[in-house]
Every structure is written in structure tokens, then in C-alpha cells.
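Hi,

Here is the structure I promised to send over. Have a look at it first, and then read on for what turned up.

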Amino acid sequence: MDGGSYTGWVNPPIHLQDNAMEQILRSTLSEPAMRHAANIVALGYTVIPNVVPPEHCRKVIAEFQKFYLQNAATFDQHRSNRGILPRFTNLHMALPILTQLFTQNKLLLEVQDYLFGRPTSLYTSLYYERGSEQPPHRDTPVFCTRPEYNYFGNTLYLEGAGDDNGCLEVLAGGHLVGELDREAMARAPYGSLDALPQLDDHMWNEYQKRVVDRCTERGLRATALHMNPGDCVIWHPQLPHGGTPIRDTSLTRHSFVFHTAPVGARVYHQHVFFHPSKPFPEMAEWDQQIVEGRAVVHHPQGIAFGHPSHKAFGLDTLNRSGLTEVASEKVSTSEALKRLVG
Ligand SMILES: O=C(O)CCC(=O)C(=O)O
């Protein structure tokens with residue numbers, strides 16, 4: 001069954017339905033969850049303040065630093081000439097205290113369980129020691145699902161974020177700017193849609209440029225989101241967002257970005273995103289870890305450094321002694337669906 005077709009999704013997800021706002025306002029969500037769900041639908045993002053207290057943020061950073069120092073010989077060589085560490089992919093696999101920023105995030109989970117119509121699962125994560133300085137982009141080309149847009153981006157700020165250390169910027173309302181003709185875009189360089197690459201920088205840049213141009217033509221401007229330690233932001237799958245320039249590169253901005261989807265959803269890259277008319281299996285073929293009653297996708301390759309290093313580190317090659325431990329059980333996706341959806 002895993003990897004096959006699973007027809008149990010709410011299709012399209014609630015946040016994509018025409019009457020999403022009416023449904024939210026008529027729902028049995030708590031008042032704060034209703035407000036955050038409404039913000040996501042209307043603005044494309046919402047900020048949940050004080051999700052964890054500042055002292056817990058300091059504890060998480062201290063665990064990161066302990067882990068980093070225990071493995072410094074492995075990691076240090078990947079720092080840039082400016083001393084900047086690339087972002088870690090899926091660091092939560094090595095540091096379960098990060099996974100708990102997802103599993104214990106009650107309000108965020110209430111909002112997303114409702115919008116997905118299914119229990120929310122953790123797909124992947126990025127740990128940033130400094131701001132990302134990424135140009136504005138939509139995430140959907142690399143978080144593509146069937147049905148489409150069954151995804152949210154999230155950040156939990158472990159340190160404050162502002163103009164000096166770089167913060168998130170959003171093009172509020174940009175999630176409502178219509179989708180491009182993706183198949184025409186892909187046919188131009190590739191001719192056929194049958195063998196599109198999973199990742200293609202040119203297609204990525206072209207798509208993001210056209211989206212941002214459309215937003216600019218409609219008068220949308222970037223808003224910088226200043227955050228306090230412990231605050232959390234959720235963004236709509238189609239919201240253009242990025243990281244503002246860092247004014248003072250000596251400053252850190254520890255933050256945990258995590259990507260969520262309904263439990264069991266298979267997530268694809270550009271070869272599926274740029275071929276929206278073609279059906280692809282909806283259900284994941286990978287295993288899941290059940291942690292504190294939530295599904296967390298199992299990534300057998302361990303953690304990795306993202307751009308520009310692209311280097312993976314198996315968990316058994318890393319020193320993880322003395323870190324917070326959290327019980328988890330590895331199960332197939334069909335078992336996770338059986339247990340969490342029924
Ligand atoms: O926090 C940031 O600087 C931007 C993060 C971002 O755009 C992303 O991870 O997609």
C-alpha cells in the first residue's frame with residue numbers, strides 16, 4: 001500500500017477552498033486557532049507569539065552548541081570564508097529537543113490539523129545559526145504534493161530576529177496571486193514534460209522571478225517580520241517569503257524552520273510541480289517515526305548541510321551523547337495512517 005494511491009485527503013485542503021474563511025469562522029476551533037487559520041487564509045501567514053519561553057529557547061541553543069562542539073571536527077570545515085555555517089537539514093533527527101518544538105506546539109497543530117483535515121506530520125527541517133538572506137520565493141516547487149499545496153512552512157525563533165541579524169520578510173497577499181502556467185514554463189527549456197529533473201536552478205529562479213514580478217505589479221511590498229525568542233510563524237504554501245539582508249554578520253539568529261504536511265503525504269520536487277496535469281502517487285513510500293503521538297518522516301540518510309555544501313552525515317557517525325532523549329517508534333506510512341487517522 002505504501003507509495004500507492006491514498007484517496008483520504010481533504011481535496012483541495014481547506015486553506016485552498018473558495019469558502020475557506022466561512023468554514024473557519026463556523027468551525028469549532030478555539031478562538032486563537034480560528035484567528036491564526038483566518039490570518040493564513042487572508043494574509044498568507046500568521047505569527048504565534050510566545051510558543052515557548054525564552055529560557056527554553058536558551059536550553060535548545062545550548063543543546064545545539066553541545067552537539068556542535070562534540071562534532072566540531074566534522075562540521076567546522078564546512079563554514080564559509082566569512083565563518084558562516086550552512087543551514088542544517090533535518091537536524092531534528094539528531095536533536096530530538098528540536099522535534100518537540102513541533103510535537104508540543106499545541107496551537108500550531110490545532111490550526112494545521114484543521115486546515116489539512118488530517119493530523120499534521122513533520123516532513124523536513126532546516127536549522128539556521130544565522131539569517132538566510134534568501135531572495136523572496138514560494139516553497140511549493142520543492143514541497144509539491146498530490147493534491148497540491150498540502151504543506152505549510154513554519155519557523156520557531158530561538159533568538160530574536162530583526163534588521164541587524166536578518167529576519168523573515170513576506171509579500172503579504174502574494175499567496176493569492178494566481179499560479180503560473182507551469183507546464184508552458186517547463187516545455188520551453190525541456191520540450192517534453194516526461195523527464196523533468198527533480199531540481200533545476202534555472203526553472204526555480206525563473207518561476208520565483210515571475211511570481212515576484214506579478215506581486216510587484218499588483219502593488220504588494222515586502223514586510224519584515226521582527227520576532228522575539230519563542231515566537232513562531234506559519235506561512236501558506238504559496239506565500240512568497242525570504243530572509244532580509246544581515247546588517248551585522250557577527251550576530252547569530254538561531255531558528256528552526258520546519259515543513260509540515262498531513263500524515264502520509266508524499267512530497268515531491270520540481271518534476272511534479274511543473275507537471276500539474278499528471279497524477280502521481282499521493283501516499284509516501286517512506287517510514288515514519290511516531291514521536292509523542294505525531295508522525296515525523298524518517299530520513300535514513302540522517303542530517304545534512306544544505307547549500308552550498310550538500311553533505312550528508314549518518315546519525316551513527318555523529319557524537320550525540322548527553323543530549324535530551326525522546327522516545328520514538330519507526331513504523332511504515334500505512335501503519336502511521338492506521339494509528340493516527342484510523
Ligand atoms: O528565515 C529566513 O531567513 C528565511 C527562511 C526561508 O525562506 C525558508 O526556509 O524557506
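A word on elements before anything else: helices (H or I, at least four residues) and strands (E, at least two) are DSSP runs, numbered from the N terminus. Residues, for their part, are numbered from 1 along each chain as its sequence is written. Bear in mind that this is a predicted model, where local features need pLDDT of at least 70 and side-chain atom pairs count only at pLDDT 80 or more, while totals for chains, interfaces and linings use all residues.

Overall picture first. The protein has 10 helices and 14 strands, and its C-alpha atoms fill a box of roughly 50 × 45 × 45 Å along the principal axes. The radius of gyration is 19 Å, which agrees with the value near 20 Å that a compact globule of 342 residues would have. (That radius is taken over C-alpha atoms, and the globule rule is 2.2 Å times the number of residues to the power 0.38.) Of the 342 residues, 42% are buried; a residue is buried if 20 or more other C-beta atoms lie within 10 Å of its own, exposed if 12 or fewer, and partly exposed in between, with C-beta atoms placed from the backbone. Two residues are in contact if their C-beta atoms, placed from the backbone, lie within 7 Å. Among contacts between residues at least 6 apart in sequence, 85% join residues at least 24 apart.

Now the core. The largest nonpolar core holds 77 residues, and Ala-37, Tyr-45, Val-170 and Ile-234 have the most contacts inside it. By nonpolar core I mean a set of buried Ala, Val, Leu, Ile, Met, Phe, Trp, Tyr and Cys residues joined through C-beta atoms within 7 Å.

Some backbone details to check. Two peptide bonds are worth a look: Asn-11 to Pro-12 is cis, with omega near -5°, and Arg-146 to Pro-147 is cis, with omega near -10°. Pro-12 sits in the segment before helix 1 (20-26), whereas Pro-147 is in the loop between strand 3 (120-128) and strand 4.

Then there are two asparagines with positive phi. Asn-50 has phi near 50° and lies in the loop between strand 1 (45-48) and helix 3 (54-70). Asn-90 has phi near 60° and is placed in the loop between strand 2 (88-89) and helix 5 (96-103). Are they buried or exposed? Asn-50 is exposed, with 11 other C-beta atoms within 10 Å, but Asn-90 counts as buried because it has 24 C-beta neighbours inside 10 Å.

Last, His-275, in the loop between helix 9 (270-273) and strand 10 (288-291). With 18 other C-beta atoms within 10 Å, His-275 is partly exposed. Neighbours within four places aside, His-275 is in contact with Glu-183, Ala-186, Leu-193 and Leu-196.

Cheers
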